[in-house]
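Hi there,

Here is the structure I promised to pass on to you. Have a look at it first, and then read my notes on its salt bridges below.

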Amino acid sequence: MLISHPDHPADLPADSSARQLGPPPAAEGTGAGRVLVVGMPGPRLDRLTSTLRATGHEVRQVPPGRVSTQVRQATPDAVVALNDERSGLEVIREVRAAPAGRALPLVMVTAGPAPAEVADLLRNGADDCVPDASDPVELAARIEAKLHRVPVPVEQLLLDPRTGLYSHRHFLDELARELQRPGTGRRAGPSGVMAMVAVAEMSALEHRLGHRVHREVAERLAGVAERLGSTCDRFGWDEAGHLLMLLPGVDEETARRGLEKFAHAVASTRFVVADENVRLTPAIGFVPLADCTGPDEAVEKALAAAAESTSHRDLRPVAYAPWMRASHRRRNPFGAALRARLTALSSLIVLPLGVGLPFLVYQQAYGWGWDVGSVMYWVVVAGLLVSAALIVVECLFSLDAPRRPAEPAEPYPPAGAIIAAYLPNEAATIVDTVESFLRLDYPNDFEVVLAYNTPHPLPIEDTLREMAARDPRLVLLPVAGSTSKAQNVNAAVTRVRGDFVGIFDADHHPARNAFQHAWHWLSHGYDVVQGHCVVRNGDSSWVAKLVAVEFEAIYAVSHPGRTRLYGFGVFGGSNGFWRTDLLARTRMHGSMLTEDIDSTMRALGEGARFTVDRTLISRELAPTMLKPLWNQRSRWAQGWLQVSLTHLWRSLRSPAFTPRQKAGMLVLLGWREVQPWLTLQMWPILMYSVWKAGGPAGLDWTVPVCLLAMAVTLSAGLVQAAFAWRLAAPELRRRRGWFWSYAVLSTFFYTHFKNTLARQACMKEALGDRRWRVTPRAVTAAAPAAAAGERP
């Protein structure tokens, strides 16, 4: 319970420094209250005790650290405490932490009249402050005033006079009245929503700034909602610091949009709380009033939804669902087992769907007089030619990618790095990674935030704590309950103090000057810049070699080429550099398997400028075996599908994108999903042609157009491999054999491998299988010339 005290410290007499607390000449007090005196034994405590007893008070003494016990066992009428720099604030916290102590008058006796000290004590819960030098009669009078004019608990007031918010009890009364209004009920239409706003950083704020930070945070949040002019006309708050919002007469979707707008506004604002500049993550849970029978039920459901939102930290309001309460968390084992079985068979299910079904359709249509199979033949040929042409065009455009500005437009600001890690999987690499970041060359303040999750304590955490103790630039941020990289990044972005931030995986070793070069772009008006990820363990296996060249084809050719061709870039999740304010209000959504691409699309929709720089190098580890590669690329394929389903239609309708950019969206998010299924149509078309010709002997296998399409398609892979070698990082350009191997493997194996994964991803998404399968990291020898790669 928070207390509203109308009294304020009186002005101290000018000559107060000439007097010391001691027994007054006569006991002029009229009160006989029980006073608990807190302080360390000594002359100051003795003088204070003597003064209080001489004025008729019953006095008990207790040292700091035992206050809450004394308050619980025998609640006094008032507490008078000696303040010193070690125990004053702790005494206040002790008194206010005890339920019986929340409404107790609390007077602090200070060694001097320093205004800053007095202000700090009053802000943290003291009701009055007097110096040691005050007249004893004045001290007695102040205590008696507190005893005779007992403070009014905020819960007894309709509105908290310091925040303008409803107290918890009165908010519940308002909520109950709204629930009783005619028309409340699912059949009567929209009746309103009750929302609860938690703050993900509240525990850390309370630890640093004290319990009363809750009131300030709730007041700041309500101020943002009022500025937005939302449909919410009643705000309240509870002791846990939750902001309570009542949105009457709105439907669920309208409420969701309004609450999401509010969340982004909060995340975009830097608040001053208890004289500290902080960034907050609102976690919003809400429940339609039609689903509630009483105010307590509404609050309980909104709290469960807010707890779910807190775990994600992605600024998305969460509507209550029954599974969020512990009593409803029951799984259907039969459904889960069936889904797992179908997922395991998804690669086989694709064949009858993608091959058998079209063949039957072509046969049936031919029986009706429609030669659909022959039409599809030309569609597939055209599709192959379009895919090959797009690859070649991207390669050509990559040659003239914009160059990084030679100098920054503004001085280098403070910067930060976020390393997202899952420690059980990355314990072997994380120390080397952190050390590489601490060796970076940056001319201003720089911090490294290691945001990690682990299901159980690990010995590596002790090593990391030792490193953090040696170098204050390293900040360790365990993210309890995290299940994704997105949650780790979202937790870290409010901790970063720099103007821009780089995001990295736990195996990344950025070039020494990476952050300087990233600022060259950002200072010239860009909001995000994606660097060039280079594989540093290509010698480990043939799979690592394959991935090493593929990364050059992606980061040195495709990304720069597409950025110049379509006028926007994508990615930003590994070796990506963001303006901190943009990342703070965009966040990453853990429900997306490629959360960084999703964040890119949302940022682009808000008008953010995104570029790609292939000279901005960071070196990482590639999978060394086929199974980890399968799991990684399977996640990527399904993640791209999720992004396409979420953003394609929205982007094509958005006025934020130019026609050129919309064409790029159509290729990037539309054609890439169609193309794997289109290439699969070669098989049912071939089967249909054999069936229609009466057997393989009846076919003409030397059709010029077909041969030309095949030649162009095969040559596109060779062209891409050649451009990848031409634009590769210096240490990889010397590995020509790797590029020849990639050209062969890509043409006859790897392209089909990725198309298979893309088709399987459609099945997994349809089945609702969105599990994150972590790619194992292994410490291996870097490429011999990796050290020379610090030059870009």
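Let me start with R735, which forms a salt bridge with D539, their closest N and O atoms being 3.2 Å apart. By salt bridge I mean a side-chain nitrogen of Lys or Arg within 4 Å of a carboxyl oxygen of Asp or Glu. R735 sits in the loop between α25 (730-733) and α26 (736-767), and D539 in the loop between β20 (528-535) and α18 (542-566), so the pair ties together parts that are 196 residues apart in sequence. Helices (H or I, at least four residues) and strands (E, at least two) are DSSP runs, numbered from the N terminus.

Please keep in mind that this is a predicted model: local features need pLDDT of at least 70, side-chain atom pairs count only at pLDDT 80 or more, and totals for chains, interfaces and linings use all residues. Residues are numbered from 1 along each chain as its sequence is written, and side-chain values use heavy atoms, leaving out hydrogens and water.

R93 and E90 make another salt bridge, with 2.9 Å between the closest N and O atoms. Both lie in helix α3 (residues 88-97), 3 residues apart, which is about one turn of the helix.

R316, at 27%, is partly exposed.

Finally, E252, E253, R256 and R257 are linked in a salt-bridge network, and the whole structure has 28 salt bridges.

Best wishes

Technical notes:
Buried means under 20% relative accessible area, exposed over 50%, partly exposed in between (1.4 Å probe, protein chains only).
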